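Open the model in your viewer and keep the selection tool ready. Each stop below says what to pick and what is there.

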Amino acid sequence: ANPLLIGIILCYGILRIFKISITDYMIGGDFVSMFLLPSTAVLGLSIYRQRKILEKEFWPVCIGCIVGSLVSVGTTVLLCRVCLLDEAMVSSLIPTSVTTAIALDVSKNLGGVDVVTIFAVILCGTAGAVFHPILIKYLKLKNEVAQGVAIGTSSHAAGTTSAIKLGEVQGAISGVSIGIAGISTVIIALFM
């Protein structure tokens, strides 16, 4: 019963049932977006509270994010090639594991399609938010720092919501991992 997934399903259902256009929805959606900045500030507070752990684990976190970004981009390109997708689709899917703002810029610079990138980022983040806690439990991953790196690197802010539920350390590390993975993906994309 993930609240993000339930919210997406409810919004989609209401928009379809009442035939509300995305333009009309965004009039009210802009009001909701206004709350994004304060929620980001809360994440910053969590990171500040865990600064001792972040100082101690800085290099493992950086290396984990870089490797995670390489694996994400590499497997995406490989799967796109196996499925014989065209270059525009490959470029659209390369940045799916990073936050939307970064993903759109990377996709645009590579010649991707914005709508495909947005959909893929939302799908990736929602899937991460839903499945990360299950995978962490199933794989018996006990290290809180590793949990945060895995979530933040692979499913950005949407996944970080589930990391915060796991614990403050996981949430803080996941928040930092979003930024490091974003930078890593941008650098990797320069060589694509």
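Start by selecting Met26, which sits in helix 2. This is a predicted model.

Now widen the selection around Met26. Helix 1 (3–17) and helix 2 (22–33) are the elements that give two or more residues to the patch. Which helix gives the most to it? Helix 1 does, with 4 residues.

**Salt bridges**

Switch to charged side chains. How many salt bridges does the count come to? The answer is 2.

Select Arg49 and Glu168 for one of them. Their side chains meet at 3.7 Å, N to O. This pair links distant parts of the chain: Arg49 belongs to helix 3 (residues 36–49) and Glu168 to helix 10 (residues 168–190), 119 residues apart. Show the surface here. Is Arg49 buried or exposed? Arg49 is exposed, because its relative accessible area of 52% is over the 50% cut-off. Glu168 has 34%, so this residue is partly exposed.

Then select Arg81 and Glu87. Their side chains also form a salt bridge, at 2.8 Å, N to O. Arg81 has 40% relative accessibility and therefore counts as partly exposed.

**Nonpolar cores**

Hide the surface and go inside. Select Leu54, Val61, Cys62, Cys65, Val145, Val149, Val169, Ile173 and Ile180. These 9 residues are the largest nonpolar core. Which elements give two or more residues to this core? They are helix 5 (58–82), helix 9 (144–166) and helix 10.

Stay in this core and centre on Cys65, one of its members. Show contacts, leaving aside neighbours within four places in sequence. Cys65 then touches Val149, Thr153, Ser177, Ile180, Ala181 and Ser184. Of these partners, Val149 and Ile180 belong to the largest core too.

For the last stop, select Val73, Cys80, Val90 and Ile188. They are among the 8 residues of another core, which lies apart from the largest one.

How values were computed. Residues are numbered from 1 along each chain as its sequence is written. This is a predicted model: local features need pLDDT of at least 70, side-chain atom pairs count only at pLDDT 80 or more; totals for chains, interfaces and linings use all residues. Side-chain values use heavy atoms; hydrogens and water are left out. A salt bridge is a side-chain nitrogen of Lys or Arg within 4 Å of a carboxyl oxygen of Asp or Glu. Buried means under 20% relative accessible area, exposed over 50%, partly exposed in between (1.4 Å probe, protein chains only). A nonpolar core is a set of buried Ala, Val, Leu, Ile, Met, Phe, Trp, Tyr and Cys residues joined through side-chain atoms within 4.5 Å. Contact means heavy atoms within 4.5 Å.
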